[in-house]
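Here is a brief report on strands, pockets and cavities. Look at the model first, then read on.

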Amino acid sequence: MKYRPSRRTRRVAIAAAVVLALAAMNGPALYGFASEQYHQYKINKPEYKAANGHWDVVDVPEKYRINTIHAALLHTGKVLLVAGSGNNAANFKAKSFRTVLWDPEKNTFKNIPTPKDLFCSGHTQLPDGKLLVAGGTQRYEKLNGDVKKAGGLMILYNENPDDPKTFPAGTLFTGKKNGKTFASKDPVVVPRAKKKADPATGKVTVVHSEARVYVEALKDGPSHSTGAQDNYRIHGLTGADARNFYGIAQKLSFDKKDFQGIKDSFEFDPVAERYIPVDPMNEARWYPTLTTLQDGKVLSVSGLDEIGQVVPGKQEIYDPKTKKWRYLPKRRFFPTYPALFLTDQGRIFYTGSNAGYGPDNIGRTPGIWDLKSNKFQVVPGMSDPKILETSMSVLLPPAQEQRYMVLGGGGVGEDPKSTDKTRIVDLHAPSPRFKDGPPLYAKARYPSSVIMPDDTVLTTNGSGDYRGRSASNVLKAELYDPAANSARQVADPLVGRNYHSGALLLPDGRVMTFGSDSLYADKDNTKPGVFQQQIDLYTPPYLYRKSRPELTDKGPKTLSLGSSATFGSPRAAAIKKMRLMRPGSFTHVTNVEQRSIALDFTVTKGGDGVTVTMPKDPSLVPPGWYMLNAVDGQGTPSKAVWVKVPAQRSQEASPRGPVRP
């Protein structure tokens, strides 16, 4: 019997032939047009979408378009998009700070009043569903040649054990040797000095206290700089105060001035849809990482301080019950935006990923950090360890297995080097050690990775050079399967995304991508880049299947650790996995929030529901709101149902070792 192609096959062949014929007849002028037409035809075919997924552009009205630097999914299903000043010095000077709340289901937007410049802050999910946002920008950087006034760090001393003192912004300081006068740029509190008794003799001595402040010369020009240390008299003080309070500064010069951080902290309330101020941090921080701990408290680490230096290993803890911060008793140095994950037994795993500032030889080695003892167990085996900055780190699903992946990365600072390495470590191995996984789709800094409810990991974009320099944006995406340790490329993203970009899983199973802050817009690096304000949505292949599981929201809204609960689900017999997904909070190649927890489950007798059982380990399931997904045998997930996991007062961590789904 002679084969006869179907009508659909003939139409596809004819359309392709017409496109190619037009390109041939019209030469190079139409070739690009024809290629694009054919590309659009190809990626919109149902078969292509079912295999590779599809990208769409979100329709964002002009008045809601911002330079999205930070994005977090809230338990209302809405996404908080935060720009602050958006890496725009003019916005900062005008105090134009932006936040937009986006409802992906309705595609509606709302401008949110933003109290401070939350550009380059840290953020994390709290147990009650609020989002803690801490730190941000006090002052923009000034590069060499742009600094008009000499300035730098001044340390203020207090030798009075009885009284602290507050010095307002604009306080004047005059050098005793150089006679030059400088003004403080911010208010500063100098605490009282401490009394220290010798246990052997009982003699009491006074130990001075210190505070730091950034100062600048009163006028422009090189004649106002200094070249050596000097002791500075503080204007307005008399008598004992003039003796007890003074300043000391090294050279005050025209060197590059880095960004400076703020101490301010806020809780964003998803229900009231507003920022609520809480107790400020003890340290100013710009580029900090916030990590939620097993008891719901929050660890704040690193960042640039109020004078533009990396916070010297002073970490602090936020208690959402008291709304207060306290220092950890011991110090440990990390570069800015370190990837710090909560792991079992309440320890912290540092993957080595970071974004931006700090020495190239301190605090960059991966390891397991015990907060109680401050001990740090180095995890060896990292390939390309010198080009690990701006890499992406992710806790591979399911979280019980405690396997982590580090993807891509680049050299320190503006180094042009990048890598396509992926590295995987199993923390439940007798001697944890990184091993290389399958290579990424390209050498890339700033890739964005998202844990999917079907236990795969979607990774998109990045750039081969610093901030997309030399037109190095990577327009590729892949899905990685941890069980098979293999990756395959999927539909290409629509736009390039590098620095200041990211991605989040949405409750309906799609992924949103945002941002990109290219340094230049051309290959020759002559045209300044423009911030990418477009938001895109990726519909994964699993959403092009004919059917998907369902979960009803008739089940309980609260799931305690170790408890069981039943949720309605038509055709529950098709369900093969239940996954508890923590909503993401993404900025600067950092999303230590996202995790996927495997839940034990049984199908109800009537076949119209599932009963899930929660794990008992609070370090596996830190308190907060989660998305609950049912997944069928084809890997198709249901739409998520939101559930709340409350903080536990006293829970024993489960024994170490892998827990299989």
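The sections below cover the basis of the model, some strand pairing, the pockets and the cavities.

## Basis

This is a predicted model, in which local features need pLDDT of at least 70, side-chain atom pairs count only at pLDDT 80 or more, and totals for chains, interfaces and linings use all residues. Residues are numbered from 1 along each chain as its sequence is written, and side-chain values use heavy atoms, with hydrogens and water left out.

## Strands around β12

Strands are DSSP runs (E, at least two residues), numbered from the N terminus. Two of them pair if DSSP finds at least two bridges between them.

Strand β12 (residues 181-184) pairs with β11 (residues 172-175) in the antiparallel sense, over 3 bridges. L172 has A183 of β12 as its bridge partner. The hairpin of β11 and β12 has 5 residues between the strands, and G179 there takes a positive phi near 70°.

β12 also pairs with β16 (residues 209-217), again antiparallel over 3 bridges. Here S184 stands opposite V215 of β16.

## Pockets

Pockets and cavities are found on a 1 Å grid over the protein atoms alone: a pocket is an open set of points with protein on both sides within 12 Å along at least five of seven lines, a cavity is a set where a 1.4 Å probe fits but cannot get out, and lining residues have an atom within 4 Å of a point. Grid points are joined across faces, edges and corners, and a volume is the space filled by probe spheres set on the points.

The largest pocket has a volume of about 1000 Å³. It is lined by 31 residues, and V189, A211, K263, N282 and E306 are the closest to its centre. β16 gives the most to this lining, with 6 residues. β13 (188-190) supplies at least two. By class, the lining has 15 nonpolar (Ala, Val, Leu, Ile, Met, Phe, Trp, Tyr, Cys and Pro), 11 charged (Asp, Glu, Lys and Arg) and 5 polar residues (the others, Gly among them).

The second largest pocket holds about 620 Å³. Of its 27 lining residues, E141, Y357, Y466, R467 and Y499 are the closest to the centre. The lining divides into 14 nonpolar, 6 polar and 7 charged residues.

## Cavities

The structure holds 8 cavities of 30 Å³ or more.

β34 (448-451), β38 (501-505) and β42 (575-582) each supply at least two of its lining residues.

Methods
Helix = DSSP H or I, 4+ residues; strand = E, 2+ residues; numbered from the N terminus.
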